[in-house]
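Subject: Structure for you to look at

Hello,

Please find the structure below, with its sequence. My notes on what was found follow it.

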Amino acid sequence: MDNFADLTGAPRPIDKTLKMRKNVLFQFWRFISLNVRMVAMIFRGDH
Amino acid sequence: MARVVVLGAGISGHTAVLHLRRSLGKNHEIVMVTPNSKWNWIPSNIWVGVGKMSAEQVTFPLAPIYKRKGIEFHQALGTSIHPEGDKDHVKGFVTIKYTSPEKAGQEAQLEYDYLINATGPKLNFAATEGLGPDGHTVSVCTAGHAIEAAEKFQEVIAKLKAGQKQRLVIGVGHGTCTCEGAAFEYTFNVEHELVQVGVRDLAEVIYLTNEYELGDFGVGGMSFAQRGFQTNSKLWTESLFLERGVKAILQSHVSKVEAGVIHYEQLDGVKRTLDFDFAMLLPPFRGADIKAFNKAGEEITSELFAPSGFMKVDANYTPKPYEEWKAEDWPTTYQVPAFPNIFAVGIAFAPPHQISKPLTSATGTLIAPSPPRTGMPSGVMGKTAALTIIDQIKRGVNGKVHGASMANMGAACVASAGAGFTNGSAAAMTMYPVVPDYEKYPGVGRSSKDTFGEIGLAGHWIKYMLHIMFIYKAKARPFWFLIPE
Ligand SMILES: Cc1cc2nc3c(=O)[nH]c(=O)nc-3n(C[C@H](O)[C@H](O)[C@H](O)COP(=O)(O)OP(=O)(O)OC[C@H]3O[C@@H](n4cnc5c(N)ncnc54)[C@H](O)[C@@H]3O)c2cc1C
């Protein structure tokens, strides 16, 4: 019996999104940005 | 002179001893008791499990580090705690049993002024018949397990290359498991490798979980603010499963595993089976097998430990329904109330309750993810206990008692979805706080500013950077203490 979770309501990423997820320059910017956000989050709480 | 004994050189215990040693003079003794000779950066075991890293890349010997730092090292298991001492000991002490080849099986007693229990999880494969490396499934919980998983995975790849269809099932092996994030990571690393070697079309990849919905991760899911909309980890995770063609079976309790067959029950109470060619199912966790005794030698294990084997600390353990759970139920100091010189940190402390809503199946089976205590909170707890001990040793009873509640602490979780410097990806998620606080953050329980998720190559770089940074820190290289937990 097929009792797999129904994923039909999930958004499928468009080609541009998939490309940007692998674009080295854009991802380098995301790397910096994510690190800054993570460090800020760490210092906001008990650490 | 004070003597601090730490049980367990994992993320929390090793963090604690390094901070203790750094701040306390050589006249104070810092003692580590742990059964393995090597430290393991467990998050990277995922990459060992797909053959992308060797066991040597995720482990290193502890003895040279402890020798360099002046930390007394016993390769042994803690077996019992005697917080009041006994007729021969005025102070509290622990009994240990050596595991090192030279002294295997020998016992010793170590007195302490302060004790930190950082023994992490006991991998409870026995909870499900046929689960684990001694049964019919593989695991990535230790570097050794991950090596075995990689070998079995290579066999599957060979069969796929020979044109045989294969079903790979990855997930959790019991209704009360935690660490769904690790199972998620392994799923997508396996899927990524299958694509890389060009055999994805013949492989069916299934994620089998006790989560109520995808994206729950044992923390009740997360809400994110993205481009002016409020979205959630469910939609976001489902999108990844859809994109990568991974199927999911939710709300499951695995009751038994036979060769090639998983028996599981879902919330509807129906018992089903799932055939597999390769299965990596994480075990449920329990506390280490440690007993406790009072001065007269009578057993007081149930006073110090919950039935799950985890140690009871300054949490509110009063049983209450989900609707009445509060952020304040969670511990802050990790001290054992009756013995404030004993602490339990990381996975070793008993959580007051789950974070995700616990559910039972139509037949009464509990299907409830246990609360994850991931690397970052574990490290913070280890440091917090160390800071309290340092202050109390230096300032006596007036020393500050430090606190770090999971209800006031964030966690960064970078879930690898495939390794590769230019073609890797990971889901980078942060949540703040780990335990939702619906009074402070009405509606979603967490700060929308500090709770976010993003998938991409940058996540892989972060995951790799964390691997390098935390191994550097654990080796206590120069300025290690500047790297946050
Ligand atoms: C496969 C996998 C992947 C993961 N990935 C991530 C991730 O990407 N990010 C993240 O944040 N977290 C991740 N985690 C979770 C993370 O590993 C844990 O949160 C963390 O290791 C908990 O730290 P700890 O110190 O409590 O326990 P551990 O790190 O498990 O350490 C416990 C130590 O105690 C020792 N010990 C056991 N019994 C005794 C005893 N009786 N006496 C003395 N010592 C004893 C053990 O040998 C061990 O050294 C992952 C977990 C797994 C299983």
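In chain B, strands β6 (residues 92-98) and β7 (residues 107-112) pair in the antiparallel sense over six bridges. Helices (H or I, at least four residues) and strands (E, at least two) are DSSP runs numbered from the N terminus, and two strands pair if DSSP finds at least two bridges between them. This is a predicted model, in which local features need pLDDT of at least 70 and side-chain atom pairs count only at pLDDT 80 or more, while totals for chains, interfaces and linings use all residues. Residues are numbered from 1 along each chain as its sequence is written, chains are lettered from A and ligands numbered from 1 in the order in which they are written, and side-chain values use heavy atoms, with hydrogens and water left out.

Back to the strands. Lys97(B) has Glu107(B) in β7(B) as its bridge partner. β6(B) also pairs with strand β5 (residues 72-82) of chain B, again antiparallel and over six bridges, and Val94(B) in β6(B) stands opposite Ile81(B). Six of the seven residues of β6(B) are buried, so the rest of the structure largely encloses this strand. Buried means under 20% relative accessible area, exposed over 50% and partly exposed in between (1.4 Å probe, protein chains only).

Next, the salt bridges. Side chains of opposite charge can pair when their charged atoms come close. Arg3(B) is buried at 14%, whereas Glu72(B) is partly exposed at 30%. Another salt bridge links Glu265(B) and Lys271(B) at 4.0 Å; here Glu265(B) is buried at 4% and Lys271(B) is exposed at 60%.

Finally, the two chains. Their contact (heavy atoms within 4.5 Å) takes 29 residues from chain A and 48 residues from chain B. Between chain A and chain B there are three salt bridges, including one between Arg21(A) and Glu243(B) (3.0 Å, N to O). α2(A) gives the most to the side of chain A that touches chain B, with 12 residues.

Regards

Definitions and conventions. A salt bridge is a side-chain nitrogen of Lys or Arg within 4 Å of a carboxyl oxygen of Asp or Glu.
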